[in-house]
Amino acid sequence: MLSGRKAYICSPLSADTEKGIIHNMEMAKFYLKRMREIYHCRTFASHAHLPLMLDDTIPEEREVALQIGMKMLRLCDTLIICGRRISAGMVKEIKAAFALGIEVFWYDSNQKPFDLIQVGSWKEIADEMQA
């Protein structure tokens, strides 16, 4: 399905505590590896590593990190939403992917392990978030 393609991993970074942010970085690293192993694609996730260099709580540094993430997204032909929680930063990435014509998939290991669900529009995601 995604073999040889470039996939942007879209998962939350924001959290209430530093420990939560570190956990979310580790989850991004997990998703990088997991999607690469299962779907044989090249994976990108700036939030897996950038928070080691840029502080998400400092607006200027957060903006730089978001810009880097958007540049990485533009390199990709697929965006994979990982997990059930969608943060404000993820909303921007997902909407940008749709605007750029990038295919969007949702990976939810709790609901459907090993399955990617193709998402056709932001409305489908917004409806799912309300459910």
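Residues are numbered from 1 along each chain as its sequence is written, and side-chain values use heavy atoms, with hydrogens and water left out. Because the model is predicted, local features need pLDDT of at least 70 and side-chain atom pairs count only at pLDDT 80 or more, whereas totals for chains, interfaces and linings use all residues.

Helices (H or I, at least four residues) and strands (E, at least two) are DSSP runs, numbered from the N terminus. Five of the five residues of β3 are buried, so the strand is largely enclosed by the rest of the structure. Buried means under 20% relative accessible area, exposed over 50%, and partly exposed in between (1.4 Å probe, protein chains only). Both faces of β3 are covered. T78, I80 and C82 lie on one side, with L79 and I81 on the other.

β3 pairs with β1 in the parallel sense over four bridges. Two strands pair if DSSP finds at least two bridges between them. I9 has I80 of β3 as its bridge partner. β3 also pairs with β4 in the parallel sense, over five bridges. Here the bridge partner of C82 is Y107 in β4.

C82 belongs to strand β3. This residue is buried, with a relative accessible area of 1%. Leaving aside neighbours within four places in sequence, C82 is in contact (heavy atoms within 4.5 Å) with I9, C10, S11, P12, Y31 and Y107. The C-alpha atoms of C82 and A96 are separated by 16 Å, with the two residues 14 apart along the chain.

S11 sits in the loop between β1 and α1 (18-39). At 5% relative accessibility, S11 counts as buried. Residues up to four places away in sequence not counted, S11 touches A28, Y31, H47, C82 and M90. S11 and K95 are 84 residues apart in sequence, and their C-alpha atoms are 14 Å apart in space.

The largest nonpolar core has 18 residues. Such a core is a set of buried Ala, Val, Leu, Ile, Met, Phe, Trp, Tyr and Cys residues joined through side-chain atoms within 4.5 Å. Y8, L73, L79, I81, I86, I94 and I125 touch the most other members. The largest share, five residues, comes from α3. L73 touches Y8, L79, E93, A96, A97 and I102, not counting residues up to four places away in sequence. Apart from this core lies another, of 16 residues, among them A45, A48, I80 and L116. In soluble globular proteins, nonpolar side chains tend to be buried together.

The largest pocket is lined by 20 residues. Of these, L13, H47, D56, R62 and L66 lie nearest its centre. α2 (59-75) and α3 each give two or more residues to the lining. By class, the lining has 10 nonpolar, seven polar and three charged residues.

H40 lies in the loop between α1 and β2 (42-44). At 53% relative accessibility, H40 counts as exposed. Its phi is positive, about 55°, although H40 is not a glycine. Most residues other than glycine have a negative phi.

Definitions and conventions
On a 1 Å grid over the protein atoms alone, a cavity is a set of points where a 1.4 Å probe fits but cannot get out, and a pocket is an open set with protein on both sides within 12 Å along at least five of seven lines; lining residues have an atom within 4 Å of a point. Ala, Val, Leu, Ile, Met, Phe, Trp, Tyr, Cys and Pro count as nonpolar, Asp, Glu, Lys and Arg as charged, and the others, Gly among them, as polar.
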